[in-house]
Amino acid sequence: MNLFNFTAHFGSEEACRLHFKGERDKIGVECRCGSTEHFWIKSIWSYECKKCRSRISLRSGTIMQSSKLPFLTWYKTMFLMSATKKGFSSKEIQKQLGQKRYEPVWAMVHKLRKAMGNRDARYTLEGMVEFDEGYFTVESSEIEQEKGIRGRGAVGKENVAIMAESTVLEDMESGKKSTQCRYFKAKVLTDHTSGQINQTVQESIDEKSIVFTDKSTSYVDISDLVELHITEKSNRETTKETLKWVHITISNAKRNFLGNYHKIKGKYLQLYLNEFVYKLNRRYFEEKLFDRLVIANITGL
């Protein structure tokens, strides 16, 4: 969606509320009593349960719950976050929105990033899947810098598992194979043990998949969790061929973060990865990406 289309459709608070209600009605509203049948009370913009008569606000049960920012502000933010694959910092979004206070904007943007991650967490990768790890630069304190740890667990570095569903698609008539990758996942790892890797694989990859990795000792149990685990010695050829899409993703993510965000704290890295992967997985949605983000807002709490 471009700026002119957005302004034409969502130029007022009421227009945003009506659109949000329409999308929420499609998904359905469930009361705490379990009933899904409601009256709509327009004067207070709330649902009333037909069974127990309790009322549910339009924001309740969504990531906008308890937020005091107008619907129009949320919609403008979702537009900015879906308008470009590179993304905006919270500071830049605050500037574009003309908001005086930074904290509410920062909280809103991170809630949207969390919703993106929750949405993608519903799906697992399948088929042929590449799996590897990358080290991302994060902000470190002066005390941490003085310790000067190198290698695994180095100061200012966070280990991230990157997965790419690289199933080769072949045209039945021409026999030509596609050069595109399908879906991706990224998970910040809290340690370097095989237990952490195993948990990530179980949560992210279908058990009937074929997984490609290098010969890291952390991957020894993957063969017990999937249909087939294929390992290759880590070298330049492996990076360019077997684990091609994983390393392209790591490189693109690092470049994206470096160019758009001043510093990322380690505890928030997963949220930034959520946004990057969410948009990467929907890179062909074009103007529909905004609509998908609205749905993630409703269902991503």
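**Sheet, cavity and pocket**

Visitor: Which residue of β3 is the bridge partner of S46?
Guide: This is a predicted model, where local features need pLDDT of at least 70 and side-chain atom pairs count only at pLDDT 80 or more, while totals for chains, interfaces and linings use all residues. Residues are numbered from 1 along each chain as its sequence is written, and side-chain values use heavy atoms, with hydrogens and water left out. Strands (E, at least two residues) and helices (H or I, at least four) are DSSP runs numbered from the N terminus. In β3, the partner of S46 is S57.

Visitor: How many bridges pair β2 with β3?
Guide: Two strands pair if DSSP finds at least two bridges between them. Strand β2 covers residues 46-49, and its antiparallel pairing with β3 has three bridges.

Visitor: Which are the edge strands of the open sheet?
Guide: The sheet has three strands in the order β1-β2-β3, with antiparallel pairing. An edge strand here pairs on one side only, which holds for β1 (38-41) and β3 (55-57).

Visitor: What is the angle between helix α2 and β2?
Guide: Axes are lines fitted to C-alpha atoms, for helices over the stretch in contact (heavy atoms within 4.5 Å), and angles run from 0 to 180 degrees between N-to-C directions. Helix α2, residues 13-27, lies across β1, β2 and β3. Its angle to β2 is about 30°.

Visitor: How much space lies in the largest cavity?
Guide: On a 1 Å grid over the protein atoms alone, a cavity is a set of points where a 1.4 Å probe fits but cannot get out. The volume is the space filled by probe spheres set on the points, which are joined across faces, edges and corners. A search of the whole structure finds one cavity of 30 Å³ or more. The space in the largest cavity is about 40 Å³.

Visitor: Which element supplies the largest share of the lining of the largest cavity?
Guide: Lining residues have an atom within 4 Å of a point, and here they include K85, F257 and Y272. The largest share, four residues, comes from α10.

Visitor: How much space lies in the largest pocket?
Guide: A pocket is an open set with protein on both sides within 12 Å along at least five of seven lines. Of its 18 lining residues, those closest to the centre are G117, A121, A186, Q270 and N274. The space in the largest pocket is about 410 Å³.
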